[in-house]
Structure formats: structure tokens, C-alpha cells
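Please open the structure in a viewer and follow the stops below in order.

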Amino acid sequence: MMKAFKLVHWGQPGQYVEIPKPKPGPNDVLIRMRAAGLCRSDLDMMDSQPGSAPYASSVDPDYVLGHENSGYVAELGSNVTDLRVGEAVVVHHMPHCGNCAACTGGFENYCQAFKRGAIATGRGCGGDGGLAEFLVAPRAELISLGFDVDPADYAPLTDAAVTAYHAVRTAVQRLKPGTSAALIGIGGLGMYGVQFVKLLSAAQIYAVDTNEDRLQVAREVGADATVLFQEGSEEKEAAAGDEIMRLTRGRGVDVIVDFVGSGPTLQLAARISRPQGRVVLVGMHPGEQSALAVGWGRLATGCEFAISLGSTRQDLREVCALAMQGKLRIDVQRFGFDEIPRAYAELRAGHLTGRAVVVFPKPETTTTNDGTLSRQKAGLIRSKL
């Protein structure tokens with residue numbers, strides 16, 4: 001048996017429970033958990049009422065939460081030959097079947113086998129996730145970090161960072177010198193979005209948020225200009241759009257990525273769009289009011305609108321490579337396994353200074369690359385890589 005943190009019933013907080021320790025199948029890997037990142041979507045799941053969209057209408061409750069996962073290989077399935085016990089790994093947050101047209105076409109984030117309405121099911125969303133001592137995942141959904149890396153700070157890369165990376169990559173070909181990008185919502189995803197636009201393009205970067213502290217973070221990681229978005233009235237909300245249009249000299253923005261997805265932020269995206277531009281929606285804000293009316297005069301002519309879902313395994317491989325090269329700032333706030341309710345409470349209250357990450361103890365020993373056992377090196381707790 002092992003301890004786990006489950007969403008047992010819709011509309012209720014998660015609970016600590018005892019469940020059987022999972023066993024890997026022939027193509028699976030048993031992972032001793034090192035870290036699991038917490039996400040606002042976890043709160044949306046816990047808040048969901050029975051039958052409500054998008055979660056309670058698509059999956060059943062009674063599953064272990066946690067979809068941003070990293071750890072150490074604890075046991076290998078009989079068919080897994082390219083990993084070793086003790087190797088650090090991260091888990092791609094989106095399961096895939098490998099057989100549907102999306103998977104064989106290289107778009108496993110749109111896998112039809114795991115699609116349920118507007119969401120994709122998987123670990124921590126309909127299936128058991130990583131807020132437990134052990135997690136089983138298919139070998140095909142793991143990325144190795146090697147033997148000399150503490151995977152604790154890499155957990156947020158598996159969803160927050162890689163989802164932002166995928167969204168930016170869908171539009172980065174438009175970001176030539178002289179163009180601009182606006183990132184709306186500089187939270188757990190938007191902070192990475194600013195970094196990826198900076199790393200992958202020469203575009204002018206505008207960061208938009210309701211919080212001055214988050215805008216300061218945006219400036220620190222590469223935003224050229226920041227704009228405070230004040231909600232509450234049409235006049236205040238329009239002011240942010242006016243400021244961005246002033247900064248672009250009336251040209252508008254080439255690529256807009258909305259990490260919030262509320263009605264006001266979508267209206268802002270439409271207001272600052274430009275002909276032949278692209279609006280990418282990432283955030284899934286709850287409520288029917290989170291919609292954008294599209295038509296002549298509402299969105300710039302020729303501007304594309306796309307909804308970006310998740311990421312691919314190759315995206316995660318590339319994001320991990322950037323992190324291991326020291327090119328990404330990773331802000332985390334660590335909590336122990338017994339502090340999960342407090343971590344969720346601070347996430348809900350907006351008090352976090354980084355991505356909330358539940359950290360499990362390191363194993364005292366691990367297998368090294370040459371197959372011998374050595375004491376695990378002390379990890380460096382970092383907010384920046």
C-alpha cells in the first residue's frame with residue numbers, strides 16, 4: 001500500500017487515502033515520485049459539480065491528482081531496455097494511443113483515444129496521477145534526464161512550460177524581426193511564454209497582466225514592455241488595448257497568446273489583433289461568458305484564431321534540453337506531501353511566488369550510469385536554472 005491524494009467526489013477537496021502500490025506492465029515504468037506540480041486546473045476539477053463541463057461531464061472522480069510529474073525509475077517492465085533503475089525522468093502530461101490519425105501524424109496531443117469533449121484525459125485527470133509515492137507510466141511517455149539531475153524542479157516543465165512552448169511554436173514562424181508578440185496572463189504558463197518568445201524570435205514582447213508583481217517577473221525574463229490590465233469596466237479593460245495599440249503605433253500585434261481565456265482577455269486579444277496575425281488561446285477560463293464573438297469588425301481581417309491543446313513529447317524533450325542548458329528560469333515554491341491542502345489553498349488565494357511543487361524525499365541511493373549504487377547527491381533547491 002502507499003499514500004496518495006485523491007479527488008474522491010466532485011465538488012469536494014482532495015483527500016489523503018491509502019491505495020495499492022501500482023505494478024508496471026511489460027511496456028511500463030514504475031516511477032518513485034520526486035515531485036508533482038500543482039495547477040489551477042486541479043482546483044477547477046475539485047470545484048466541479050456533478051455533470052458540469054468540462055471535467056465532471058467527461059470523466060469520473062476517484063482518481064489521484066497530479067499531472068506534472070517527475071521522479072526516478074524504480075522498476076522496469078520486461079520490454080523496457082533503454083532505461084536503468086535510478087535514472088531521473090519526467091512524464092509527458094498527455095497520454096496517447098500511438099495508433100489514431102493524430103498520433104501517426106505526429107500530433108499525439110490531439111489523440112482521439114483520450115479525448116473527452118474539450119479535454120484530454122490522463123494521469124491526474126480521470127486517471128491516477130503523481131500525488132502518490134509511486135506512479136506507473138508507459139515508457140513511450142517518459143523523457144530521461146540522466147543520472148546527475150535532481151528532477152524536483154523539472155516537474156513544472158511537463159505541463160506549464162511545455163504547454164506554453166507548444167503554443168508559441170505554433171506561431172513562431174510569424175515572429176520575424178520587426179514583429180511583435182503579446183502574452184496575456186503572466187502566471188505559471190505566461191512566464192514561460194515570455195521566455196520562449198525571447199529564445200525563439202526577435203519579436204518585440206508585450207506582457208499583459210492584472211498584477212504588477214507578475215509584470216515585474218515578465219520584465220526580468222525578457223518582456224520589452226508590460227501593460228497592466230484592469231478588469232471591472234469596459235473603460236478600464238479597453239485602456240490596456242489602447243496602450244498596446246499606442247506602443248505598436250496603431251499596427252497591432254502579430255501574435256497574441258492568451259493564457260487566461262476569459263471574456264475580457266479574449267476581447268483584448270481581438271482588439272489588438274492585426275491583419276494576417278494570429279491569436280492563440282491556451283487558457284480555459286470557467287464560465288459561459290468566456291467566449292469571443294468573431295465577425296467582420298470584431299477581429300482583424302485575415303487574422304487566424306486557434307486553440308492550442310497541450311504539447312507533444314518532442315516539445316517536452318526540447319524544453320528539458322533548454323532547461324538543462326541553463327536557458328530557462330524555473331520558479332518553484334516547494335511543499336511537502338503532508339502540505340498539499342495548504343499548497344492548494346495558497347494557489348487558490350494567489351499567494352504563491354512560483355509554481356507550487358509537492359516534493360517527495362530523495363532515495364538514499366540510486367543506480368549510476370555504470371550500473372553501480374551510489375549515495376544520491378544532495379540536490380540544489382533552485383528558483384532559477
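Begin by selecting Phe-196, which is buried at a relative accessible area of 0%; buried means under 20%, exposed over 50% and partly exposed in between, with a 1.4 Å probe and protein chains only. The model is predicted: local features need pLDDT of at least 70, side-chain atom pairs count only at pLDDT 80 or more, and totals for chains, interfaces and linings use all residues. Residues are numbered from 1 along each chain as its sequence is written, and side-chain values use heavy atoms, with hydrogens and water left out.

Rings of Phe, Tyr and Trp (its six-membered ring) pair if their centres lie within 6.5 Å; planes under 30 degrees apart are stacked, over 60 edge-to-face and the rest tilted. Tyr-192 and Phe-196 are 4 residues apart in helix H4 (residues 190-200), about one helical turn. Helices (H or I, at least four residues) and strands (E, at least two) are DSSP runs, numbered from the N terminus.

Next, select Phe-5 and Tyr-16. Their ring centres are 5.0 Å apart and their planes at 75 degrees, so this pair is edge-to-face. Phe-5 belongs to strand E1 (residues 2-7) and Tyr-16 to strand E2 (residues 15-19), so the pair ties together parts 11 residues apart in sequence. Phe-5 is buried at 2% relative accessibility, whereas Tyr-16 is partly exposed at 37%. Ring pairs join both to Phe-337, Tyr-344 and Phe-360 in a cluster.
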